[in-house]
Amino acid sequence: MALTVPPSSAARGTPQGPRRPAAGAPGRGGTPAAGPPPALPSVHTMIVCADLPSLAISAEHGQLTGSGLEGFYQAGRRLLSRCVLRVADREPVAVQGRLTGADRARFVAVVRTPGDGGPDPGVVVERIRTAGGTERITLRNSVPRPLRVPVEISLGTDLADLGAIGAGRPGPELPASVHDSGMRWATARALALVTADPPPDDALASAGLLRWNMELPPGGSRTLELRVRTDRAVRPAGRSGSCPLPEADAEGDDPRVRDLLRAGVEDLRSLLMRDPAHPSDVFPAAGIPWRCGLAPAEALWAVRMALPLGTRLAAATLRTLARSQADGDGRVPGPFRDAGPHLPPGCTGVEATLAFPVVLAEARRWGLPEQDLAELLPAAERCLRWLHTALGDGPYLRDPGPGGLCRAETQAHAHRAALLGADLLEACGRPGADGWRERATALRRAFRQDFWIEDRAGGRPAAARTPEGRPVPHLGAGAVHLLDTGLLGAGQLAPGLLDRVQTEQLARLLGGPSMDSGWGLRGLGAKEAAHNPFGHRSGAVRVHETAVAVSGLAAAGYEKEAGSLLRGLLDAAEAFDHRLPEMYAGEQRTAGSLPLPHPAACRPAAVSAAAGIHLLSTLVGIRPDAPAGTVRLAPLSSAPLGALRLSGLRVAAEPFAVRVSRLGLGMIEEAADGLQLGV
C-alpha cells in the first residue's frame, strides 16, 4: 500500500530566498479570490535576454505589446512593457526572432511599401535587443528607388514588479511625459526613461508616441537606437572583465557538444549577480524569470558542477553564503521546497548547509587558493558543528522539528558532508576528521539495512522513513544522490551509502523505462502512484538530477545506463536550442516526438546551465588533486559521444585541455606546469 507522509506542522525552516510568485495570491490586506488561481504567464515560448539584474523578455515577433511578461526589466521591475513599431503606417510582418547570445536577440521583419509591385517586400527591418536596455532598429531599402517612410514607435509601461506580473496584478499603464529625446514615466518608488538617437521629429506624450520621417536611398539603410534606463546605474557581473567564468570550448564527433558548453557557460554568466554589500563577490541566481535571486542550495549545486571552469565562482558564492549563516548554530538559511506528492516539503537550508563543506573540499582539489581556503574554513566547520548537533546520538539526520522524517536524499548529503568534511579538516590540520569518518561509517552501515526495501524485483531504496520507522517506498530522482559520493584525494571517489549489490539494482532501476523517459530522468517513476509528467517533483525531468545520475552511474561503472540518460538529455538540449530549462515534462519519448516544455519552468536556470558543463567533464573523467600536483583521468570507456576535446578549463588556476578518443582513451593536452597525470 502506498504511503504518503503529510507535512509536519512542527517542521521549521527559514522561509527566505526567491520563489515563484503565488498565482492568484492576494494583495496587501486582500483575501484570496474564489475559484482556481490564474495560471502563471507562459515562459517557454518567450525569448529571454538575460544579463542580471537586467532582462528583456519578448515574443518571437519582436513587438512588445504589454501582454504577459513582455518588457525590459531591471532589478525585478518592468521599465518598459510596450514598444510597438510601425513602418509606413503598418506593423512589419515578422519573419524570425531568435537569441544570438544569452543577453541579446535579433528580430527580423519585412514591410511592403505602396510602390512595391508583386508580393516581394521592399523594406527589411532588423531589431537587435539586449538585456541591458538597448534596442537598435535598422531599416534597409531593397528596392532600386529612394523611399521616404514614416516610422513611429508606441511606448508604455506600468513599472510593475515582476512578482505582481506573475500573479496577474501588473497594474494600469502609467501616463508618460516627453523628456529630452524620448519619454519618461515615474511613480513615488520608480522611474523609467527611454531616449532615442537620433531624436524623434515629433513626440506625443498622451499616446507615448515617437515619430520619424526616414529617407532611405536605394540599397541604403537608416538606424535608430532606443535606450531604456532608470535613475540607478547597474553593473552586470557576467559581462565584466572580472567575470569568474572563462571562455571554454568543446569539439568532437558529436557537433552538439560545442553548443551545449557554449550555451551553458553563457547562461551561467547571464545569471551572475553581485552581493550588494560585497560587490566583488558574485553568485548565480536560481533562474529566470521567477527566481532572480540567491537560492543557496541551487547556487551551491551550480558552482560545484562548474568547478571545471575554475574555483573563483565557488569561492565567491561560498563567501556570500558564509555571511548568511545563522548566528549560533551555523546553518545556511533557505526556504522550504516542494518534495512531491509522497513527502512533505523539505528545507533547502539543510541541503545548503550540508553542501557547503563539500563544495569547499572539492574546490580545494580543483585548485582553490590557500587564502580563500583559510577564509572559508571556519564557515565549513560551523556547518559541520551544526550537523553534529542535528545528528545527536543517532545515525540519521532528521527533518527539523520533533519527530522529523528521515529522507534518503538528506542522508546522502550528510554522508558526503561527513566524508569530505573529514578530508578537509585533516588537510587543514584541524581536529575531528576521524570522528566524522566514524560517523559516516555508522550511517552507511545503518542505511544499508534500514533504507533498503526487499522485493521480488530485486529491491529498491526507500525515499524516506517515517518517525515510526516505516519506509516510504516510492522511487524518484532523489535516489540519484545515493550515487554522488564526492571527490577525495588522488582522484579517488568517496564510498557510497549503498553496497555493490544495492548499487547495481539502483542502476537497473534508473536505467529502466519507468525512470528513463528517453529525454532524461523522471522525478518520479512512471509506475508510481500520483505520477504526473508535468509535476515539479512527481514526474517532470529535472535537468540537474539527470546530470547527477549520469555522473553517478558512470563512476559506479554502469556506462550503458549513464549513456542512455546522457544521449536523451543531449537530444532534449538540441530541441531547446541548447538552453536547457530547469525542467520539462517526463512524457515517454516516441519516434518523431520532441520534449514537452513545462510552462512555468525557469529558462535559463543555474543548475541546468551548469549541468551541461558537468556532463561533458564526466565524459572525460577529470579528477584533479591540485594540492598533490596530480590529475587523474577516468573517461567513459564506451565513449558514448565518440571523440571529444575540451579546452579552456581550469585546474590549479591554469588552463587545462583534455582529449578522449573514440576508444575511450584520455590524454591531457594542456595543464599547469608541474601537474602530473595520476594513476
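I began with strand β4 (residues 71-74), which pairs with β5 in the antiparallel sense over three bridges. Two strands pair if DSSP finds at least two bridges between them. Opposite Gln74 I found Arg77 of β5. Phe72 has Leu80 in β5 as its bridge partner. Two residues lie between the strands of this hairpin, and Ala75 has a positive phi near 50°.

I noted the source next. This is a predicted model, where local features need pLDDT of at least 70, side-chain atom pairs count only at pLDDT 80 or more, and totals for chains, interfaces and linings use all residues. Residues are numbered from 1 along each chain as its sequence is written, and side-chain values use heavy atoms, leaving out hydrogens and water.

I checked confidence. pLDDT is the predictor's confidence in each residue, from 0 to 100. The chain has a mean pLDDT of 92, and 94% of its residues reach 70 or more. Over residues 1-34 the pLDDT is below 50.

I turned to the interior. A nonpolar core is a set of buried Ala, Val, Leu, Ile, Met, Phe, Trp, Tyr and Cys residues joined through side-chain atoms within 4.5 Å. Buried means under 20% relative accessible area, exposed over 50%, partly exposed in between (1.4 Å probe, protein chains only). The largest core has 155 residues, and Leu268 and Tyr584 are among those that touch the most other members. Helix α5 (residues 348-366) gives this core its largest share, eleven residues. Another core, of 40 residues, lies apart from it and includes Cys83 and Val111.

Last came salt bridges, each a side-chain nitrogen of Lys or Arg within 4 Å of a carboxyl oxygen of Asp or Glu. I counted 45 by this rule. Arg78 bridges to Asp158, with the closest N and O atoms 2.6 Å apart. That pair links strand β5 to the loop between β11 (147-156) and α1 (162-166), 80 residues apart. Arg78 and Asp158 are buried. Asp571 and Arg589 form a salt bridge too, at 2.8 Å between the closest N and O atoms. Asp571 counts as buried at 19% relative accessibility, and Arg589 as partly exposed at 32%.

Note on methods. Contact = heavy atoms within 4.5 Å. Helix = DSSP H or I, 4+ residues; strand = E, 2+ residues; numbered from the N terminus.
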